[in-house]
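Please look through the sequence and the model shown below before reading on.

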Amino acid sequence: MSKELIRLADCVMAFDDEVVLDKINLSIRDKEFLTLLGPSGCGKTTTLRIIGGFQTPTSGDVLFDGVRINAVPPHKRTINTVFQKYALFPHLNVYENIAFGLRIPKTDGKGNRVKLPEEEIDQRVMEMLEIVNLKGFEKRRTTQLSGGQQQRVAIARALVNRPKVLLLDEPLGALDLKLRKDMQNELKRIQKAMEITFVYVTHDQEEALAMSDTVVVMDAGRIQQIGSPEDIYNEPQNAFVADFIGESNIIDGIMRADGVVEIFNRRFQCLDGGFDRDEAVDVVIRPEDVDIVPEDQGQLKGTVTSVTFKGMQYDIIVDFYGFKWLIQTTDLSPVGSRIGIKIDPDGIHVMKKSEYSGMFGDYSSYSEEYEEISDASLDPEEEDSGDEE
Amino acid sequence: MKKQNRLGSRLLIGLMFLFLYAPILLLIVFSFNAGDSSAVWKGFSLHWYARLFQNRLIMESVYTTLLVSLLATAIATVAGTFAAIGLYSLGRKRREALLMVNNIPMMNADIVTGVSLCLFFVAFFQGWGSFARWFNSVQGVVELPDRLVLGFSTLLLAHVAFNIPYVILNVAPKLRQMDRNLMDAAQDLGCTWMRAFWQVMLPEIKPGIVSGALIAFTMSIDDFIISYFTAGSASSTLAMTIYGMTKKRVTPEINAVSTLLFLSVLVLLVLSNLKEVRAEARERLGAARKPSALERARLKFAEPRFKWVRRGTAGVLACAFIFTVAALAHATGSRPVVNVCSWGEYIDEDLITQFEEETGIRVNYQTAESNEALYSLLKSGGADYDVVVPSDYMIGRLIAEDMLEPLDYSQIPNFDLIDQRFRNLSYDPDNLYTVPYTWGTLGIIYNTAMVEEEITSWSALYDGKYAGNVLLINNSRDAIGEALLYLGYSVNTTDEAEIREAYELVADANRRGVFQGRVMDEVFQKMEGGNAAIATYYAGDYLSMLENNEDLAFVIPEEGSNWFVDAMCMLKDAPHQREAHMWINFIASTQANLANMDYIWYASPNREALERYPAYYEELYGEELDPELYEIMAAPAETLERCEAYLNLPAKTLSLYNTLWTQLGTD
């Protein structure tokens, strides 16, 4: 594993009396693709702005390569940012937007102000245009570009400065679904090619899982879980993570012994252990981990109350003793039919009770919740309310 | 049906625009009038425009106006822009509260802004005076000036103050439209805040800054009320000068200068609108349009390799500007100066030039609007005039209140030329403070085309024979004085019953609808244009009216009338006493009195000038001066015997006058 590049230690951010970040501890390794994932207002953009230097934490330290950089202004950090709405300079054309950072005189080791020669600027800009597939667009005005093209100009403008870290604040939020998929691959490719660290902010869990080396799930100003996409999905640490990442049924359970959890008064085999005897726990069961069997063979028995065709599978809602589950299956079970289910031990994840317990799980409120979470157009968090337009 | 409607609405729009623009069109048309009336067209001429550029009072005020507007605009634009940026870095609540505060001065009545600024400056000067005197007394190294007065600097400060809100108001929307991340992005790419401001924010908000500056400039050029209260005695803006000139009448010269002012504001507005339209068009067309030759040149100039050329040009321009301002300040600062305050159109301006050439002293010539206005200006302490020219009764009041400095008559040899009749008058019985400037009489002016008989008595004002065609003079002293004379009382009576009786006479006629209106300066247009039959005004002004309407006649009624003297005096502690004496002596000379008499048609108190004027006139115009006119201008001794001068009345009587006069409006 590569070495640590950035560390946030006990970072607190408070505006007036409102705590936006509550003791964040985070380590970002060199050349990794790290994603800050969470719903609006979770503090992910604030975390990004602290790394970029646009905000100074109320307390705590920001370390870069082991050096404290709390007070270093943005223009002195070897970090560049791709902003949410691109923030391209409207009065400059594509070429000048990308060349912007290169034209600024830098201070060299001896304290002299040095400017890059025009040939080098030109060479580097052209190189970047090639990387982001925008050759021939140099003289265009940025207002004449499509959203995806503007996005790539913004990336080129940041990368041309050869930063050690690139911060991306919901960079794909304004693009349509297909373009977003393309750009995800594009970004991943660029990150590999340039060999730099990406810190990526999004509220889209699919995007986070698809692109990241490390995912940091945040909510309410706190980090809920840090891990690889697989860890996050398969071993959520609490009900919030389980619910936010993918679809899940979260059920109250009691740990009767290591490897034995009781749900609806029935005992199930599981792989988890290390809990107190008879400890109340949250149990996560992913919709795709449930097998549908004839009613008499089922560990649990219920009634199908709703069926939605999703292309690859059906989403069905099943009522078990008044508690509604979401199950994904390729076999159609018509509404009103009685079914049984079986769950393999590796399909059952046991979590400690947390403040999020009881907030998610019952799909009787399925429709609202489902839509809210999958709504990509949800306004991302903003410190200043978005009344400006 | 529909078509008819459209016709109707077009007609309505046409009428609306006519209503809006007819007065301005009229003014523009009459600025080309060959005659000097604003009511009678006498053919096309550019005469008044030529006159305009020779009028030093106007040219000086144009210079002051431009300088103060440009400087105030520059300062306010910079300050307002940064203030707007500061506002936008605040939270929404505080920003909105502050923007509210910013809007208040724009909606506030100008008069309140003006008066409060004036009070503020005067209060500050007093505080500063005490501090400077104390400071000078405890150390001898630095000598601070202890007497500050209103002048160019306070005028500039006031203009900056009222311009800033307009700049903020124009810059704020541009900031609101700007993506807030732009500044972050620029800093992220390596800019310091200042560099990001120049390279990113400025191009974004430039349209707002330009339109803010244009509006501020227009406001500055336009402003009258605030300037009036903050300019003090030493400077006068164009609007103030025009106002001073209208005290007498709206001359075609004023029409000409107003036309030019209107056109320049129009050009500014068109320019700022064109800029926006072009910017929008460019946005729409985008790169599809090829840049014009001018734009190509501009783009080339904007290339980095021309940076030093650009910087050099800007530097040279800035230096030139600073140098010019400094040179001007030096030139005006080091020359001896005398501050004179008189009435509008009350001097032959060639005399000022002549005095300046002879003595090297700069004359700062300002005008006040009435004796009462002058009095309050002096009382407020905001003015630092050396010489003022009030009327007799006001001089009495100024002496009584110890506001005048005794004159050193050894420095005014020309005082010997003043006729004995005009020395030691009741307002200055020992003649310690004054040198008379002009004198004249009040009388009835009537239009012989509208009035058959010969008028001989003040009764013509009250008997109702010309009901609806009589103009009452809008000045309590004269209006009630006329009634007192008609009733056979003294114009200086302090008997309340007599004054009330006189007032009742006027009020009764007013109730019966005898008076068409109460006027001062409108009397010129009304009488010249034949819109009223009878009015009362001053002899000298009658002679001016006669030039435009030969049917007018003037009479001093048999009951007698008022005769008045306007005299030059020096204010207490005047800063330029030597120069003031030189000016008074110069104006008292026979030559100056002749020139003034010819220019303003008021009689001179200089014995020689008065006697020689008919000959002077003949020499100048090649024709004999009508002796009747001369008699009207300089009333002969037997007429003067029937006339009475106004004395300063006791406070109690003055307040009775005020009360009655206010009552007349509501009676």
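## Two chains and their contacts

In chain B, 77% of the contacts with a separation of 6 or more are between residues 24 or more positions apart, where two residues are in contact if their C-beta atoms, placed from the backbone, lie within 7 Å. This is a predicted model, in which local features need pLDDT of at least 70 and side-chain atom pairs count only at pLDDT 80 or more, whereas totals for chains, interfaces and linings use all residues. Residues are numbered from 1 along each chain as its sequence is written, while chains are lettered from A and ligands numbered from 1 in the order in which they are written.

The table sets out the two chains; helices (H or I, at least four residues) and strands (E, at least two) are DSSP runs, numbered from the N terminus. A residue is buried if 20 or more other C-beta atoms lie within 10 Å of its own, exposed if 12 or fewer, and partly exposed in between, with C-beta atoms placed from the backbone.

| Chain | Helices and strands | Buried residues |
|---|---|---|
| Chain A | nine helices, 22 strands | 38% of 389 residues |

Where the chains meet, 25 residues of chain A are in contact with 19 residues of chain B. The chain A side of this meeting consists of eight nonpolar, 10 polar and seven charged residues, where Ala, Val, Leu, Ile, Met, Phe, Trp, Tyr, Cys and Pro count as nonpolar, Asp, Glu, Lys and Arg as charged, and the others, Gly among them, as polar.

Within chain B, the axes of helix α3 (residues 56-88) and helix α10 (residues 238-245) come within 8 Å and cross at roughly 150 degrees; axes are lines fitted to C-alpha atoms, for helices over the stretch in contact, and angles run from 0 to 180 degrees between N-to-C directions. The two helices α3(B) and α10(B) are therefore roughly antiparallel to each other, a term for angles over 145 degrees. On α3(B) the contact involves L57(B), I58(B), S61(B), V62(B) and T65(B), and on α10(B) it involves L238(B), M240(B) and T241(B). These residues divide into five nonpolar, three polar and no charged.

Helix α15 (residues 371-380) of chain B has N371(B), L374(B), L377(B) and L378(B) as its buried residues. They cover an arc of only 125 degrees around the axis, which puts them on the same side of α15(B); the arc is that of the directions from the helix axis to the C-beta atoms. On the other side of α15(B), E372(B), A373(B), S376(B) and K379(B) are exposed. The buried residues of α15(B) are covered by elements of chain B including β2 (362-368), α16 (392-400) and β10 (563-571).

Notes: Angles under 35 degrees count as roughly parallel, over 145 as roughly antiparallel, 65 to 115 as roughly perpendicular and the rest as oblique.
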